[in-house]
There are 2 protein chains.
Amino acid sequence: MRNVSETRWLDEGEQRSWRAFLLASRRLLDTLDREMQRDAGMPHAYYEILVRLSEAPDRALRMSELAGSLLSSRSRLSHAVTRLEESGWVVRRSCPGDRRGSFAVLTDQGYAVLAAAAPGHVTGVRAHLIDQLAPGQLDQLREISEVVLRHLDEVDGSAGAVP
Amino acid sequence: MRNVSETRWLDEGEQRSWRAFLLASRRLLDTLDREMQRDAGMPHAYYEILVRLSEAPDRALRMSELAGSLLSSRSRLSHAVTRLEESGWVVRRSCPGDRRGSFAVLTDQGYAVLAAAAPGHVTGVRAHLIDQLAPGQLDQLREISEVVLRHLDEVDGSAGAVP
DNA sequence: GATATATCATTGAGCGTTCAACTACTGTAG
DNA sequence: CTACAGTAGTTGAACGCTCAATGATATATC
């Protein structure tokens, strides 16, 4: 059990900041997810998988690496790749040199779907986040995010490095 | 269809900010959710329901208002309240004056569960977010969040409720 | 070389969310 | 009063995620 000593409750300002962040981040992510589902027929999490694969050499990545870079559990990724395989956007390939492992590889069809979805998504990210903020705010947001990521990496481990 | 003109892709800095925010917010929310599940046996979303009810007069709120203040769909809330009722933490009461409506009411047992969960949760929010940031950063985060929230309220309409 | 331990990935069950009906009621217009 | 559109809330199916268990292979230890 944590919190052996007295709890330091949030003061009014902290409370307000925390709730604003909670609502805003959820709302933003939900909006982008709905847009992705509507425009590309896949959840945003799957889009991210395709993006990572498209950026990798040979459009292929070990399942573990992929999971690590997405901060996703292996189980989740495995289920997701199964789905993406059924859609014909990704295939699995066995891994030479380590027979436990496997690669996920982006297909041409998967690349085409990604290329079709990307402009709309970027437009959404701009419209709902980037263009709403002053340049300084965007930098602040990055710094804040990186602080939080570094902290959680230390706490939970998981070696998910900040890109 | 959106994006009739050329897409304004993200430059390197924008990309980095966006991805850092995406990873950090997801990781933070996931961590707090796991802690809540482990310590209180419920997802963070359900905790938020109990919090809103605890703050309401008579610890009761119309389903719609509750959904609105949580930015949750009615369907989601309905399923959630069904679960919370099964746990004995919430009950439904019919709404006098509008026979379509119903109230969700926090039970004493629900209040006790909430009171037991709150210190650990606040400690987590502090440890993973608030205490990681300089005071100015927390204010920045609030401003950024409020900008995004205002924008999305204008776009999706829904002064609170997600369709 | 044999045994133990760790790692890579998958599977199935259970849960929460979404989406699209659907019911039941309210308010308004003719 | 009737008809009709709008609102409040619920439901069930489909889907994605979590968690714990499992199989298969690799690595370390003796």
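How many residues does the contact take from chain A and from chain B? It takes 48 residues from chain A and 47 residues from chain B, where two residues are in contact if their C-beta atoms, placed from the backbone, lie within 7 Å. On the side of chain A that touches chain B, the elements giving two or more residues are α1 (12-40), α5 (108-128) and α6 (135-156) of chain A. Helices (H or I, at least four residues) and strands (E, at least two) are DSSP runs, numbered from the N terminus. By class, this side of chain A has 24 nonpolar, 13 polar and 11 charged residues. Here Ala, Val, Leu, Ile, Met, Phe, Trp, Tyr, Cys and Pro count as nonpolar, Asp, Glu, Lys and Arg as charged, and the others, Gly among them, as polar.

A word on what you are looking at. This is a predicted model, in which local features need pLDDT of at least 70 and side-chain atom pairs count only at pLDDT 80 or more, while totals for chains, interfaces and linings use all residues. Residues are numbered from 1 along each chain as its sequence is written, and chains are lettered from A and ligands numbered from 1 in the order in which they are written.

Let us turn to the sheet of chain A. Its 3 strands form an open sheet in the order β1-β3-β2, with antiparallel pairing; two strands pair if DSSP finds at least two bridges between them. The edge strands of chain A are β1 (60-62) and β2 (90-94), and each pairs on one side only. Neighbouring strands of this sheet are turned by 30° against each other on average, direction ignored. Between β2(A) and strand β3 (residues 102-106) of chain A there are 5 bridges, and A:V91 has A:V105 in β3(A) as its bridge partner.

Two helices lie across these strands. Helix α3 (residues 63-70) of chain A lies across β1 and β3 of chain A, at about 90° to β1(A), and α4(A) lies across β2 and β3 of chain A, at about 115° to β2(A). For these angles, axes are lines fitted to C-alpha atoms, for helices over the stretch in contact, and angles run from 0 to 180 degrees between N-to-C directions.

Now for chain B. Here 3 strands form an open sheet in the order β1-β3-β2, again with antiparallel pairing. β1 (60-62) and β2 (90-94) of chain B each have a single partner strand, so one side of each is left without a neighbour in the sheet. β1(B) and strand β3 (residues 102-106) of chain B are joined over 3 bridges, and B:L61 has B:A104 in β3(B) as its bridge partner. α3(B) packs on the sheet, touching β1 and β3 of chain B, whereas α4(B) lies across β2 and β3 of chain B.

α4(B) gives the most, with 6 residues. By class, the surface near DNA strand D has 6 nonpolar, 11 polar and 11 charged residues.
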